[in-house]
Amino acid sequence: MQSEEGKRIPRHVSIIMDGNGRWAQERGLERVNGHLQGVKSVRAALEECADHGVEYLSLYAFSTENWGRPGAEVNYIMQLIFKSIMGELENFMANGVRFMVLGNRASLPGILNETIDKAVEMTAGNKRITMILFISYSGKWDIMQAAKQLAAKAIASGEGEFWLEGVGEDDFSSLLVTAGIPDPDLIIRTSGEQRLSNYLLWQGAYSEFYFTPVLWPDFDRAQMNAALEEYARRDRRYGKVK
Ligand code: IPE
Ligand code: IPE
Ligand code: MG
């Protein structure tokens, strides 16, 4: 996609929001203060992306592995997500933001699931930008749940191997939780770590990566703009010769 100035704009930007704990620790604060501060960065990234005409902004908010953190931190994050969704609903409606959550919904607290359902339903008709929170998500989990669905379908077909021969990559993609959502064009990771940490393993097969040492709570609109500028300079070849 091209913007009005002819700049290449990613359709789908995804962010691994990392460095909240270190941001807080650097200031002698508890780790959870970093998570709280990180909500502001979400707002900034959303506004900047929407202004540039990005269609999807997805955010890795909580991984399957993050369940292994101390209970108090996990509870804090779940409550923060709950409060943030409640607090942002008005803003989503005013700014045309469609809200979605992807991940292992069955593992989330009931009250959070109810709030998510309400926010998803309320914002379903909004058209300016779609914001996706990945919660209790991991790439391997996603691929496994898709593979299990596929196996069940193969069994139900009664034709087993013969049926499986007709299954293509698009059929498999449609069983992932991201069905219908374009693969991320750009994956940003903050805090200087250069790894995927079990994020969009299948969907990120051809994503451009942007790593920045900036900690997530310090990521502002200018940082988001810099990432979009860098993306516009990338040459995406998809294995072909130009
Ligand atoms: C990212 O920040 C937020 C989540 C993973 C929930 P971290 O909490 O991982 O912060 P660091 O990496 O320890 O600084
Ligand atoms: C990845 O960050 C998960 C999220 C940002 C939600 P982590 O901080 O959990 O990942 P590692 O431990 O550096 O791999
Ligand atoms: Mg981290």
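**Close-up 1. Ligand 2 in the largest pocket of a predicted model.** Ligand 2 sits in the largest pocket, where sitting in a pocket requires that more than half of the molecule's atoms lie within 2 Å of the grid points of that pocket. The model is a predicted one, in which local features need pLDDT of at least 70 and side-chain atom pairs count only at pLDDT 80 or more, while totals for chains, interfaces and linings use all residues. Residues are numbered from 1 along each chain as its sequence is written, chains are lettered from A and ligands numbered from 1 in the order in which they are written, and side-chain values use heavy atoms, with hydrogens and water left out.

**Close-up 2. The residues around ligand 2.** The shell, made of residues with a heavy atom within 4 Å of the molecule, consists of I16, M17, D18, Y60, A61, F62, S63, N66, R69, R189, R195 and S197. Strand β2 (residues 56-63) gives the largest share of this shell, four residues; helices (H or I, at least four residues) and strands (E, at least two) are DSSP runs, numbered from the N terminus. By class, five residues of the shell around ligand 2 are nonpolar, three are polar and four are charged, where Ala, Val, Leu, Ile, Met, Phe, Trp, Tyr, Cys and Pro count as nonpolar, Asp, Glu, Lys and Arg as charged, and the others, Gly among them, as polar.

**Close-up 3. Side-chain atoms beside the oxygen atoms of ligand 2.** An N or O atom in the side chain of S197 lies 2.6 Å from an oxygen atom of ligand 2, a polar side-chain atom of D18 lies 3.2 Å from an oxygen atom of the ligand, and for the side chain of R69 the corresponding distance is 3.3 Å. Ligand 2 taken alone exposes 390 Å², of which the protein buries 78%, with accessible areas taken from the Shrake-Rupley method with a 1.4 Å probe.

Close-up 4. On a 1 Å grid over the protein atoms alone, a pocket is an open set of points with protein on both sides within 12 Å along at least five of seven lines, and lining residues have an atom within 4 Å of a point. The largest pocket has a volume of about 790 Å³, a volume being the space filled by probe spheres set on the points, which are joined across faces, edges and corners. Among the 37 residues that line the largest pocket, M17, N20, Y60, A61 and F62 are the closest to its centre. The largest share of the lining, eight residues, comes from α3.

Conventions: Polar contact = N/O pair within 3.5 Å; in protein donor to acceptor, adjacent residues only side chain to side chain. 1 Å grid on protein atoms, 1.4 Å probe; cavity = no way out; pocket = protein on both sides within 12 Å on 5 of 7 lines; lining within 4 Å.
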